[in-house]
Amino acid sequence: MEYGRIFNFSAGPATMPVEVLEEVAAEVLNYRGSGMGVMEMSHRSKVFQTIIDEAEADLRELMGIPENYKVLFIQGGATLQFAMIPMNLMKNGVADYIVTGAWSKKAYSEAKKYGRVNLLATSEDRNYSYIPDCSDLPVDPEADYVYICENETIHGTTYQTLPNTKGKVLVSDQSSMFLSRPCNVSDYGMIYAGVQKNVGPAGMVVVIIREDLIRTDLDEKIPTYLRYSIHADNGSMYNTPNCWAIYVCGKVFKYLKKIGGLSEMARRNEEKAKILYDFLDESKLFHGTVDKEVRSLMNIPFVTGDKEKDAAVVAATKAAGFENLKGHKSVGGLRASTYNAMPREGVEALVNFLRQYEAEHQA
Ligand SMILES: *Cc1c(COP(=O)(O)O)cnc(C)c1O
């Protein structure tokens, strides 16, 4: 492949579009005649202001983000949001969490430090291999919000329909599915995503939050940096932001617009995932680990059912030039992350390899 690159199935930080990396490489020493690279310029410069403004405008256009939502670029990754959400959104001090995997479980545990947190539903009984029925849950009348992780990166499940929150605000962690398909932003009070899974470099989270949820009446003791209001009032530049991530994400937003937007991206992602799922469904050696109707288009775990065989397959994929296919320890086996930037050819090559492997290792 170009530049000696390999097919990288990492769950994050993850593969990026070559076209974007080429542009970034070309500009690294001198950004458009400014005489300096983006890593070296003041975040208060006109040049950088244009970069951040365009990034926000392009993201708004891609997702159709309504006027009454703010777009914030915040550091600390998705993990910091596990605390910022309860700190900022709990008015009554109550929240409902739906736990469908490792990431929502972490968010749930963190939120408990700040108030009364109800476990509204969970799929822990079958190692998070399904999404519970969320059509009629006992939502707490006092709940300030209902929380979900819309695509569980480790377990490989995704919501097909959003939970019925009975009028409560929905907060969604979209880290591992952000911009993978069209999204109706008005269905949510807040969406957030760590960008290193499906968009850009690590170290930043995009927060899309309805304006009326941004409070200014918070406890004085809440650190300044951890208030959504401070980021909203300062255009994500209260302090020095992650300029580099904003710049590279901005390029990815333009790239997505160019290829036809999120519906085209969804079409490609569905086509790509189907190649692997079709193989898994007919394979005698490998099988997927989650219920068919909720399987993720982005993270695809699969196993042989035998730990030693799994390890041998992982080693063989590595030797054949596929990277980062080892499954997370809580699921075992293999996991192929097929994010936006994974080309169809990568999945085809992997399936050809697995098919061949199966033929050579028939029980
Ligand atoms: C990776 C991931 C996180 C954590 O992201 P950090 O940027 O490392 O804090 C949270 N939620 C989901 C769904 C993830 O995939």
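Which residues surround the ligand? In this predicted model, the ligand is surrounded by Gly77, Ala78, Thr79 and Phe82, by Trp103, by Cys149, Asn151 and Thr153, by Asp173 and Ser175, and by Gln196 and Lys197.

Several of these neighbours can be described at the level of individual atoms. An oxygen atom of the ligand is 2.5 Å from an N or O atom in the side chain of Thr79, while a backbone N or O atom of Ala78 lies 3.2 Å from an oxygen atom of the ligand. For Trp103, a polar side-chain atom is placed 3.5 Å from a ligand oxygen atom.

The crossing of α3 with α4 is right-handed, and the contact is made by Phe82, Ala83 and Pro86 on the α3 side and by Trp103, Lys106, Ala107, Glu110 and Ala111 on the α4 side. By class, this contact of α3 with α4 comprises six nonpolar and two charged residues, with no polar ones. Phe82 and Trp103, which take part in this contact, are also among the residues that surround the ligand.

Another helix pair is formed by α2 (residues 46–63) and α6 (residues 243–259), which pack at an angle of about 40 degrees with their axes 9 Å apart. That angle makes α2 oblique to α6, and the crossing of these two helices is left-handed. From α2 the contact draws on Phe48, Ile51, Ile52, Glu54, Ala55, Asp58, Leu59, Glu61 and Leu62, and from α6 on Cys243, Ile246, Tyr247, Gly250, Phe253, Lys254, Leu256 and Lys257. The residues of the contact of α2 with α6 divide into 11 nonpolar, one polar and five charged.

Two loops carry backbone features that deserve a separate look. In the loop between β1 (7–8) and α1 (18–27) sits Pro13, and the peptide bond that leads from Gly12 to Pro13 is cis, with omega near -15 degrees. In the loop between α1 and α2 lies Arg32, a residue that has a positive phi of about 45 degrees although it is not a glycine.

Notes:
Residues are numbered from 1 along each chain as its sequence is written. This is a predicted model: local features need pLDDT of at least 70, side-chain atom pairs count only at pLDDT 80 or more; totals for chains, interfaces and linings use all residues. Side-chain values use heavy atoms; hydrogens and water are left out. Axes are lines fitted to C-alpha atoms, for helices over the stretch in contact, and angles run from 0 to 180 degrees between N-to-C directions. Helices (H or I, at least four residues) and strands (E, at least two) are DSSP runs, numbered from the N terminus. Angles under 35 degrees count as roughly parallel, over 145 as roughly antiparallel, 65 to 115 as roughly perpendicular and the rest as oblique. A crossing is left-handed if the near helix is turned anticlockwise from the far one by less than a right angle, and right-handed if clockwise. Contact means heavy atoms within 4.5 Å. Ala, Val, Leu, Ile, Met, Phe, Trp, Tyr, Cys and Pro count as nonpolar, Asp, Glu, Lys and Arg as charged, and the others, Gly among them, as polar. A residue is near a molecule or strand if one of its heavy atoms lies within 4 Å of it. A polar contact is a pair of N or O atoms within 3.5 Å; within protein, one must be able to donate a hydrogen and the other to accept it, and residues adjacent in sequence count only if both atoms are side-chain atoms.
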